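Please walk me through this structure.

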Amino acid sequence: DMNELFSIKDKVVAITGGYGVLGSNVAEYMASQGAKVVILGRSEEKAKDYIEKIKAAGGEAIFLVSDVLDMELLEKNKTDILNKYGKIDALINVAGGNLPGATLKPDQPFFDIDINDWNKVVDLNLNGAVYPSLVFGSAMAQQKSGNIINISSMTAINAITRVPGYSVAKAAISNFTMWLATEMAHKYGDGIRVNAIAPGFFIGNQNRAILINPDGTLTERSQKIIAKTPMGRFGDIDELNGTVQFLCSNAASFITGAIIPVDGGFSAFSGV
């Protein structure tokens, strides 16, 4: 079959932040392609609908209570997955986000930043990917096979105003992706790959207020984003799925340490 190369059928895929806007979308799509999806998150309540939706569509998914900053809980998750499936093929580190105190208003000086929120944002977006990579990566090292996908960001590539904490953490994610890719390949062979996707601008519940006015028109920030996006539009969340599947599949067997922009050309364009 021509599409066998891109197949992720029967792959065991753990997704942190698996019931968030991006995580749930990826989880539902991967399940639709025959992957066995493990949604990791703090709230079973929030995951329930997605698990039911996946099962109703004929897919396979389970939920495990987790916390990306709790090594003990992550170890328990790993044991539970290995006991159920005997392997972990992929880890997608989607958990992340921002906090109001670490985000500046247009006229607000950097020196006003809430240092506690700054620490939380850096911790969640950086260590929130490092800790699961340590835990699940150790299972992959033993298997000599596996796949880690991190979520970088346009903020890692250029200076994007107002979100310094998030930006710094995502820049670190890009570097950690390259570092871990190198480490895994050197020590455990070519069966383990570590890559990242760098999404451009998508409208989700988290950022709707700063991108869309209550009357549905674009905010000033949105207008700037669109002006620097050669395709002239925001992305649709579904447009990330193909890249995630590709990276998890044998089609990407010689790709490791890559950070792939899915951004409508934003990172390629100087704005001039």
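Lys53 has a relative accessibility of 48%, so Lys53 counts as partly exposed. Keep in mind that this is a predicted model. Lys53 has a charged partner. Lys53 forms a salt bridge with Glu28, and their closest N and O atoms are 3.2 Å apart. Lys53 sits in helix α2 (residues 44-56) and Glu28 in helix α1 (residues 21-32), so the pair ties together parts that are 25 residues apart in sequence. Glu28 is partly exposed too, because its relative accessibility is 21% and the cut-off for buried is under 20%.

Now look at helix α3 (residues 71-85). Glu75 and Lys78 both lie there, three residues apart, which is about one turn of the helix. They form a salt bridge, with 3.4 Å between the closest N and O atoms. Glu75 is partly exposed at 34% relative accessibility, whereas Lys78 is buried at 12%.

Next comes Lys87, which forms a salt bridge with Asp89. Here the closest N and O atoms are 2.9 Å apart. Lys87 is partly exposed, at 30%. Asp89 is buried, at 14%.

Salt bridges can also join up. Lys9, Asp10, Lys36 and Glu60 are linked in a network of them. The count for the model comes to ten salt bridges.

Finally, turn to Ser222 in helix α7 (residues 220-227). Is Ser222 buried or exposed? Its relative accessibility is 0%, so Ser222 counts as buried. What does Ser222 touch, leaving aside its neighbours within four places in sequence? Its contacts are Leu211, Ile212 and Phe234. With Leu211 there is a polar detail: a polar atom of the Ser222 side chain lies 2.4 Å from the backbone oxygen of Leu211.

Definitions and conventions
Residues numbered from 1 in each chain as written. Predicted model: local features only at pLDDT ≥ 70, side-chain atom pairs only at ≥ 80, totals over all residues. Heavy atoms only, no water. Helix = DSSP H or I, 4+ residues; strand = E, 2+ residues; numbered from the N terminus. Buried < 20%, exposed > 50% of the residue type's maximum accessible area, 1.4 Å probe, protein only. Polar contact = N/O pair within 3.5 Å; in protein donor to acceptor, adjacent residues only side chain to side chain. Contact = heavy atoms within 4.5 Å. Salt bridge = Lys/Arg side-chain N within 4 Å of Asp/Glu carboxyl O.
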